[in-house]
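Hi everyone, thanks for making time.

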Amino acid sequence: MIVYGPVPSRRLGQSIGINNIPPKTCSYSCIYCQLGRTDKMQIKRRAFYNPEDICREAETKLKQIKAENQYADYISFVPDGEPTLDINLGAEIDLLKPLNIKIAVITNASLLWMDAVKEDLKKADWVSVSVDAAQEDIWRRIDRPHGALSHKEILNGIVEFSKGFKGTLVTETMLVEGVNDHETCIEKIA
């Protein structure tokens, strides 16, 4: 299912979810992932689904929920993997904007060192980036990233993105007991 919901969210109200990539296609294989280990580890962006099909499904879902006296506060890209791996993410956001519902993207931030990813995410209204560790060894232990990724480049990419993003930017940190939950680690993340 590419479009689902609405799903109640404590941060976003009622959200229509967009699953813009196949399950378990990710740049990380986090130790805490509720979906288990990543099947398709990658960092090369590519097309997965037709952007027009995603938009059409979202329009259909919005009509359906309106008929059921429901509503959506956000359309959220929160797939079963990393949404920025989709090379069509920016085009999909552009197609969804005329629906006049805010767009959210929840990302692990692993590709924010790429200019094209920054440009795609700038089109969203609300972006959440994961920062599970400020120290590379802990980052590797908790997020189990693709081997070609650089922690320093990712953190620099987040900072650079934050300077030009006009929407709401939030960070998320998953604290894992005995891994990144000690005071020094938390202070460095902050």
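So, this is a predicted model. Searching the whole structure turns up one cavity of 30 Å³ or more, and the largest cavity has a volume of about 60 Å³.

Which residues line the largest cavity? Among them are Tyr28, Asn108, Trp139, Asp143 and His151. By class, the lining has seven nonpolar, three polar and two charged residues. Helices α4 (136–143) and α5 (151–164) each supply at least two residues of that lining, and α5 gives the most, with four.

Now for the charged pairs. The count comes to nine salt bridges. Let me start with Arg45 and Asp120, whose side chains meet at 2.7 Å, N to O. Arg45 sits in the loop between β4 (40–41) and α1 (51–67), while Asp120 belongs to helix α3 (residues 115–122), so this pair ties together parts that are 75 residues apart in sequence. Buried or exposed, what is Arg45? Arg45 is buried, at 11% relative accessible area, and Asp120 is buried too, at 10%.

Two other bridges stay within a helix. In α1, Arg56 and Asp53 lie three residues apart, about one turn, and their closest N and O atoms are 2.4 Å apart. Arg56 counts as partly exposed at 46% relative accessibility, as does Asp53 at 33%.

In α4, Arg140 and Glu136 are four residues apart, again about one turn, with 3.1 Å between the closest N and O atoms. Arg140, at 32%, is partly exposed, and so is Glu136, at 39%. Finally, salt bridges with shared partners join Asp115, Lys118 and Glu160 into one network.

Note on methods:
Residues are numbered from 1 along each chain as its sequence is written. This is a predicted model: local features need pLDDT of at least 70, side-chain atom pairs count only at pLDDT 80 or more; totals for chains, interfaces and linings use all residues. Side-chain values use heavy atoms; hydrogens and water are left out. On a 1 Å grid over the protein atoms alone, a cavity is a set of points where a 1.4 Å probe fits but cannot get out, and a pocket is an open set with protein on both sides within 12 Å along at least five of seven lines; lining residues have an atom within 4 Å of a point. Grid points are joined across faces, edges and corners, and a volume is the space filled by probe spheres set on the points. Ala, Val, Leu, Ile, Met, Phe, Trp, Tyr, Cys and Pro count as nonpolar, Asp, Glu, Lys and Arg as charged, and the others, Gly among them, as polar. A salt bridge is a side-chain nitrogen of Lys or Arg within 4 Å of a carboxyl oxygen of Asp or Glu. Buried means under 20% relative accessible area, exposed over 50%, partly exposed in between (1.4 Å probe, protein chains only).
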